[in-house]
Amino acid sequence: MALVAAGLVSCEKGESYADLLKKEEKAINWYLSGEAVEVTIPEDGNFEVGEDAPYYRMDSDGNVYMQVLNMGDPDDKPEKGDRVYFRYSRMNLRNFYEADVEQWVGNSNSLNTAGGATSFILGNLTLSSSYQFGSGIQVPLDYLGYNSRVRLVLRAQAGFYAEQSECLPFVYDVRYFKGVY
């Protein structure tokens with residue numbers, strides 16, 4: 001009985017997972033309320049492109065929203081199993097929403113990160129080198145070629161694996177490459 005009481009007290013002091021999910025939802029809705037949002041993906045793959053392009057909801061659950069800044073090379077698209085290199089900056093949307101902190105971090109301006117270039121194997125989330133970045137970062141490559149650039153709004157469950165339990169949504173600015181750049 002003492003263990004049950006201790007567990008109840010600790011839940012009262014901290015935030016529940018449901019509370020964190022609600023905060024995540026609020027931050028994403030707040031951010032996207034200032035943007036054009038399309039709830040369907042263009043059937044012909046003809047996305048609007050540019051800083052004023054809409055964010056497209058990429059899945060039915062709203063885990064990934066994509067704004068296309070550059071379509072990349074339509075004749076050179078990565079295939080499942082290819083190593084894709086990428087550079088990114090990201091901003092914590094909950095910090096931006098709750099504390100007006102707009103801080104971008106990542107490796108956009110670095111050729112190397114600790115341990116080498118940042119990459120994943122497209123479509124293979126069983127490798128730690130790929131699943132550590134989450135599934136959301138791979139979604140644009142179902143539609144775009146190498147040398148593309150997107151902004152992504154990712155719910156935690158589609159983001160970096162190590163951060164998923166924190167329910168922290170992020171907006172990413174990502175560029176994809178065939179080789180290290």
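A residue counts as buried under 20% relative accessible area, as exposed over 50%, and as partly exposed in between (1.4 Å probe, protein chains only). The model described here is predicted: local features need pLDDT of at least 70, side-chain atom pairs count only at pLDDT 80 or more, and totals for chains, interfaces and linings use all residues. Residues are numbered from 1 along each chain as its sequence is written, and side-chain values use heavy atoms, with hydrogens and water left out.

Helices (H or I, at least four residues) and strands (E, at least two) are DSSP runs, numbered from the N terminus. Helix H2 covers residues 17-33, 17 residues in all, and reaches 24 Å from its first C-alpha to its last. That is close to the 24 Å expected at 1.5 Å a residue, where the expected span is 1.5 Å times one less than the number of residues.

The buried residues of H2 are Leu20, Glu24, Ala27, Ile28, Tyr31 and Leu32. Seen down the axis of H2, they fall within an arc of 125°, so they line one face of the helix; the arc is that of the directions from the helix axis to the C-beta atoms. An α-helix has 3.6 residues a turn, so residues three or four places apart point the same way. On the face of H2 turned away from the buried side are the exposed residues Lys22 and Ser33. The buried residues pack against strands S1 (37-38), S2 (55-57), S3 (64-70), S7 (149-154) and S8 (170-177), and against helix H3 (93-99), contact meaning heavy atoms within 4.5 Å.

Turning to the aromatic rings, the structure holds 14 aromatic pairs. Rings of Phe, Tyr and Trp (its six-membered ring) pair if their centres lie within 6.5 Å; planes under 30 degrees apart count as stacked, over 60 as edge-to-face and the rest as tilted. Tyr131 and Tyr161 form an edge-to-face pair, 5.1 Å centre to centre with 80° between the planes. Tyr131 lies in helix H4 (residues 128-131) and Tyr161 in the loop between S7 and S8, so the pair ties together parts that are 30 residues apart in sequence. Tyr131 is partly exposed at 32% relative accessible area, and Tyr161 is partly exposed at 48%.

Phe133 and Phe160 also pair edge-to-face, at 5.7 Å and 70°. Both Phe133 and Phe160 are buried.

Arg90 lies over the face of Phe160, at 4.1 Å from the ring centre. The charged end of Arg90 also sits over the ring of Phe170, 4.0 Å from its centre. Such a placement requires NZ of Lys or CZ of Arg within 6 Å of the ring centre and within 35 degrees of the ring normal.
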